[in-house]
Amino acid sequence: MSASHSVTDGKAPYYYVPADSAHPVRASVALLIVLIGAALWVNSISFAPYMVGAGLLMLFVVLWGWFGDAIRESEAGLNSQRVDHSYRWSMAWFIFSEVMFFAAFFGSLWYVREITTPWLASIDHQNMLWPNFTAAWPNFGPAGIVEEFQTVGPFWLPTINTALLLTSGLTLTIAHHALRAGQRGKTAFWLASTVILGFIFVACQAYEYIHAYNDLNLKFNSGAYGSLFYLLTGFHGFHVILGATMLLVIFFRVMKGHFTADNHFGFEGAAWYWHFVDVVWLGLYLFIYWF
């Protein structure tokens with residue numbers, strides 16, 4: 001049904017279906033440009049980086065308009081309880097897909113450490129292929145072609161980052177309780193604190209990368225350890241940037257007077273995502289830096 005139908009008590013009595021939109025088509029075209037540009041980039045085509053940048057910019061503009069439409073629909077009271085349930089299930093499945101994404105990388109880490117490394121160091125392989133290879137983790141590979149590197153220990157930067165993320169989860173929870181209590185100023189303060197802590201985490205992660213690359217000679221091609229280290233921590237850092245950006249948008253919405261004590265799923269969805277990011281980091285902190 002269209003937006004012209006009546007709304008009672010601030011809630012739509014129907015399942016709101018928006019009008020036809022060009023946003024999905026535009027987003028698809030933008031993603032296609034990004035993928036084509038990326039394929040050309042890895043083949044050293046000169047204009048490919050600009051093509052990727054143009055596609056990403058186009059995607060950002062499309063998402064800005066698309067999410068803006070969704071926000072306006074919500075603030076206009078067009079979303080019924082059924083639509084709210086749809087949003088909740090959609091966010092839950094999205095986070096589940098992210099769980100599977102990280103599960104694949106954690107599974108790769110486990111497989112390399114517990115299956116491949118002992119297998120390559122077995123007596124048969126030592127006699128026939130790799131005579132001096134031992135089942136130690138991390139290692140420089142059985143062929144001896146990986147440059148020597150040092151690993152990143154848990155002290156102190158990864159531990160500081162862990163404290164930052166755990167603290168951000170606490171400040172976000174305080175902000176949520178304040179919003180449910182109708183304390184908008186307190187909500188904005190603690191939400192802003194969460195965003196600041198998130199971006200400080202990203203800055204610390206960038207400093208750690210510089211230190212690892214320049215001082216420890218730990219690179220993406222430093223064997224299985226280097227690849228998995230940068231893949232796991234790098235993708236997590238990307239998710240922190242994404243989550244902090246989502247919370248920043250929520251902060252501006254709070255400042256504009258959006259959300260009520262009983263109707264604030266936009267806030268809750270971003271909070272779910274942020275707590276997921278926190279949990280993933282705890283796994284990384286244990287299995288990358290400690291064990």
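Predicted model: local features only at pLDDT ≥ 70, side-chain atom pairs only at ≥ 80, totals over all residues.
Biologist: Why is Phe-259 called buried?
Modeller: Buried means under 20% relative accessible area, exposed means over 50%, and partly exposed is what falls in between (1.4 Å probe, protein chains only). Phe-259 has a relative accessible area of 5%, so this residue lands under the buried cut-off. Residues are numbered from 1 along each chain as its sequence is written, and side-chain values use heavy atoms, with hydrogens and water left out.

Biologist: What makes Phe-259 stand out in its backbone?
Modeller: Its phi is positive, about 75°, although Phe-259 is not a glycine. You'll find Phe-259 in the loop between H7 and H8. Asn-217 is another non-glycine with a positive phi, about 60°, and its place is the loop between helix H6 (184-214) and helix H7 (223-255).

Biologist: Is Asn-217 buried, partly exposed or exposed, and what makes it so?
Modeller: Partly exposed, because its relative accessibility is 23%, which falls between the two cut-offs I gave you.

Biologist: What makes a stretch a helix here, and how many does the protein chain have?
Modeller: Helices are DSSP runs of H or I with at least four residues, strands are runs of E with at least two, and both are numbered from the N terminus. By that rule the protein chain has eight helices and zero strands. Along the sequence the pattern reads α-α-α-α-α-α-α-α. The C-alpha trace spans about 80 × 45 × 35 Å along its principal axes, and 37% of the 291 residues count as buried.

Biologist: Why are H7 and H8 called roughly antiparallel?
Modeller: Let's start with the general idea: two packed helices are described by the angle between their axes and the distance between the axes. Axes are lines fitted to C-alpha atoms, for helices over the stretch in contact, and angles run from 0 to 180 degrees between N-to-C directions. Under 35 degrees counts as roughly parallel, over 145 as roughly antiparallel, 65 to 115 as roughly perpendicular, and the rest as oblique. H7 and H8 pack at about 160°, with axes 9 Å apart. That angle is over 145, so the two helices are roughly antiparallel.

Biologist: Which way does H7 pass H8?
Modeller: In a left-handed crossing. The term means that the near helix is turned anticlockwise from the far one by less than a right angle; clockwise would be right-handed.

Biologist: What makes up the contact of H7 with H8, by class?
Modeller: It has 20 nonpolar residues, five polar and no charged. Ala, Val, Leu, Ile, Met, Phe, Trp, Tyr, Cys and Pro count as nonpolar, Asp, Glu, Lys and Arg as charged, and the others, Gly among them, as polar.

Biologist: How do H5 and H8 pack, and what is that arrangement called?
Modeller: Helix H5 (residues 157-180) and helix H8 (residues 265-290) pack at about 160°, with axes 10 Å apart. That makes H5 roughly antiparallel to H8. H5 also passes H8 in a left-handed crossing, and their contact has 14 nonpolar, eight polar and two charged residues.

Biologist: What makes a set of residues a nonpolar core?
Modeller: The members are buried Ala, Val, Leu, Ile, Met, Phe, Trp, Tyr and Cys residues, joined through side-chain atoms within 4.5 Å. In the largest one, with 46 residues, Leu-191, Leu-218, Phe-229 and Phe-267 touch the most other members. Helix H3 (81-120), H5, H6, H7 and H8 each supply at least two residues, and H8 gives the most, 14.

Biologist: What does Phe-229 touch?
Modeller: Contact means heavy atoms within 4.5 Å. Leaving aside neighbours within four places in sequence, the contacts of Phe-229 include Val-152, Leu-218 and Ile-288.

Biologist: How do you know whether Thr-187 is buried or exposed?
Modeller: Its relative accessible area is 0%, so Thr-187 counts as buried. Thr-187 lies in helix H6 and, beyond neighbours within four places in sequence, is in contact with Ala-175, Ala-178, Leu-179, Val-254 and Phe-267.

Biologist: Which peptide bonds are cis?
Modeller: Among them are Trp-137 to Pro-138, with omega near -5°, and Phe-155 to Trp-156, with omega near 0°. Pro-138 lies in the loop between helix H4 (123-128) and H5, and Trp-156 is found in the loop between H4 and H5.
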